[in-house]
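Please view the model alongside the text.

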Amino acid sequence: MTSKLLRRFGPLVLGGGLVLGMSPGSTGSADELRIGFVAPTTGIFAQVGKDMVDGFQLYLDENKSDFGNAPVKFIVEDEQGKPDTAVTKAKKLILQDKVHMLVGGLLASSGYALAPVSTQEKTLYIPSIPAADDLTQRDLSKYPYMVRTGWTSSQPSHPFGKWACEQGYKKVVAIGADYAFGYEVVGGFQKAFEDCGGQVIQKIWPPLGAKDFGPYIPTIKAEADAIFTLMVGPMSLQFPKQLAASGNKKPVIGGGTSYDEFVLPSMGDEVIGHVSALQYSAALDTPKNAEFVKKYRAKYGKVPSYYSESNYTTAQMIHELIKKHNGKFPGAEAAVKELASMKVDTIRGPVSIDEMRNPVQNIYIKKVEKKKMFGYDKDELWNTVIKTYTNVGQFGDYKKEDFLKQPVYSRDFPPCKHC
Amino acid sequence: MAVLVALVAIAVIVPNTNSFVILLATRALAFAILVMSVDILLGYTGLPSLGQAAYLGIGAYATAILATKYQFGLGYDFWLVIVIGIVFAAALAAVFGLLAIRASGVYFLMITLALGQCVWGLAYRWNSLTGGDNGINMRGRPKFGIDLANEITFFYLVFGFFAVSLLLMYILVRSPFGRSLAGIRERELRMQILGYNTWLHKYIAFVIAGAFGGLSGVLWAHTAGIVSPENVVLTTSVDALLMAVLGGAGTLVGGVIGSFIVFGLREYLSTLVPWWQYVLGAVYVLTIFYLPTGLMGIPARIRQRRASAGKREEGKVASVPS
């Protein structure tokens, strides 16, 4: 039937194959350092991806892409926010570009997808953003070539739970995006808060990407002392607006992404006074951070978010590693070992890596305020740090062994005993 | 003939290219099976399905769950997993078919879409089984005499399954059964008057398409190494449908070309230029504007033009090249 058409078409297919086949596999020179960076640069997460790339790029530009006699080749690949694409791109970076290491990924699912690639290809992987708890907890042994420089989702939540107790909150309603990251942030908060005497009396899970919270807000129990929110992306903008419109008078506290600098500039005055916890705030009042914010803002026209800071810091840590080896990459195994014992003074404060290869760092409790900062002449929203918990590890105050015995935080864990 | 030449060309050329191209070709081939299954419905039966990713998902999740939870399917039992994936997907299609086949056209589209989203919802929310949105990581590929961890070996395996699927579907659409499907596509009422049970024909086609979707899923799980709700989400179904239309619906091979072009643009061109999405968009739009019969329609169009040009110049009827 179609064989006549195909006879004509066959050569085209063949030609296409040849073109693909002949495209050169670039193999860089031996003494340059090739860093493969995986971030979503298209799709709904493109703006977050840009913050990630910009943060890393800023550090490279400051050092003229030269890490101690090693010219850096920085190759960015678009993961499109999809785990399978992340895998394809990671393989492209390793097989074709022969990168020394992989950095990045955005969502937890990308982190879970990239980590096995690093194991399989024996390549160093640095999840600078993916925060899935189990990458450096229950699943760590599967990923011997991975060191995390970002955070675990529940890491800021543990001290935040304690902080909520100190404020005298007794009953809290949690409302969080319905996916693994949401479960982990809310779960960490619930555990810490209930262990110091608080009660989470209700958990509400609007779907990821929800734009209308009308069905959820009226169900919030009236006897709650405070509302804990965990929103991401556009949800973060919409929820406080609708909550304010509903006449809410309760204090609102939340996970870091509900108020991070990525969403803060687009927010209205209704978020003033809301409190959240994260390992970074652009309003961190240190000379180092002031300089970083000014440089970043001058170059990219916006305040850096934790996505920018985390990748800037990751670049810094890679630089430290390469400097020690006089511009040579020491190999994945040695690199993991050395990165894991590193203590660095970063923009976000002192960072060291624990024995399960996750950062130990300051956690900042931050309150949204409208004020002037760093000499900018307009009133803007900033995440003012109101309390600092120093040297917080991924297990918080809990013993590692006990902590690892419990299942990973999920929709049903910790169970809602007081609902 | 030309199909055979093209197949041999793929089988010979691809393994000699760099490993990233091998990887992409493997993915395109595994996905092409799904696209061809869409084409059975869309091109031959006239049923535009927007839920085909569900069957890929069933096959992929079955493979991943068996492999990670029960260590099953990592040796010779891989062949059993292939059967399981196909049977599960066919069973799902048998259930969904009961609901969907009663409708046609846009209504069929909507029902398959809704059913597909049900499967997505399950994958997304059934955390204990599917790992929720984190998905399931496969730990290595099966080993049985040959080690499929080797990309080239694995490419040949997928290529083998692809070639067999193409052959089976080709036989199917050329069979009397396939002819009656085409009859239903053209005019269902006439087929009914002729005494055909058109519902049953469509139902069987739907189940067969689902079965091939399941096979595609099993291969996809091992190709990608990760199974996540992203594989079952609506856009995956849309991709499959678009690839079929792009290559040319009702040609089987068209879907394969569509699959290669989209994978090439999305995964390969995107490593070269940041504006790959415009290229992909332009390809879709231009195809729909100028090639309603898809890329497979190009030769026919050229011939038509030549024929009409010949007519004008020579003033006589040009013979159709045979």
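The sections below take these topics in turn.

## Basis

This is a predicted model, in which local features need pLDDT of at least 70 and side-chain atom pairs count only at pLDDT 80 or more, while totals for chains, interfaces and linings use all residues. Residues are numbered from 1 along each chain as its sequence is written, and chains are lettered from A and ligands numbered from 1 in the order in which they are written.

## Contact of chains A and B

Chain A and chain B each put 38 residues into the contact (C-beta atoms, placed from the backbone, within 7 Å). On chain A, helix 1 (3–22), strand 2 (72–78), helix 3 (83–96) and helix 4 (108–121) supply at least two residues each; helices (H or I, at least four residues) and strands (E, at least two) are DSSP runs, numbered from the N terminus. Helix 1 of chain A gives the most, 13 residues.

The side of chain A that touches chain B has 17 nonpolar, 12 polar and 9 charged residues. Ala, Val, Leu, Ile, Met, Phe, Trp, Tyr, Cys and Pro count as nonpolar, Asp, Glu, Lys and Arg as charged, and the others, Gly among them, as polar.

## Helices 3 and 5 of chain B

Helix 3 (residues 53–70) and helix 5 (residues 106–125) of chain B pack at about 30°, with axes 8 Å apart. Helix 3 and helix 5 of chain B are therefore roughly parallel (angles under 35 degrees).

B:Ala53, B:Ala54, B:Gly57 and B:Tyr61 of helix 3 meet B:Leu115, B:Gly116, B:Val119 and B:Ala123 of helix 5. This contact has 6 nonpolar, 2 polar and no charged residues.

## A:Lys249

A:Lys249 sits in the loop between helix 7 (234–245) and strand 8 (252–255) of chain A. A:Lys249 counts as exposed because it has 4 C-beta neighbours inside 10 Å (exposed: 12 or fewer other C-beta atoms within 10 Å).

Key
Two residues are in contact if their C-beta atoms, placed from the backbone, lie within 7 Å. A residue is buried if 20 or more other C-beta atoms lie within 10 Å of its own, exposed if 12 or fewer, and partly exposed in between; C-beta atoms are placed from the backbone. Axes are lines fitted to C-alpha atoms, for helices over the stretch in contact, and angles run from 0 to 180 degrees between N-to-C directions. Angles under 35 degrees count as roughly parallel, over 145 as roughly antiparallel, 65 to 115 as roughly perpendicular and the rest as oblique.
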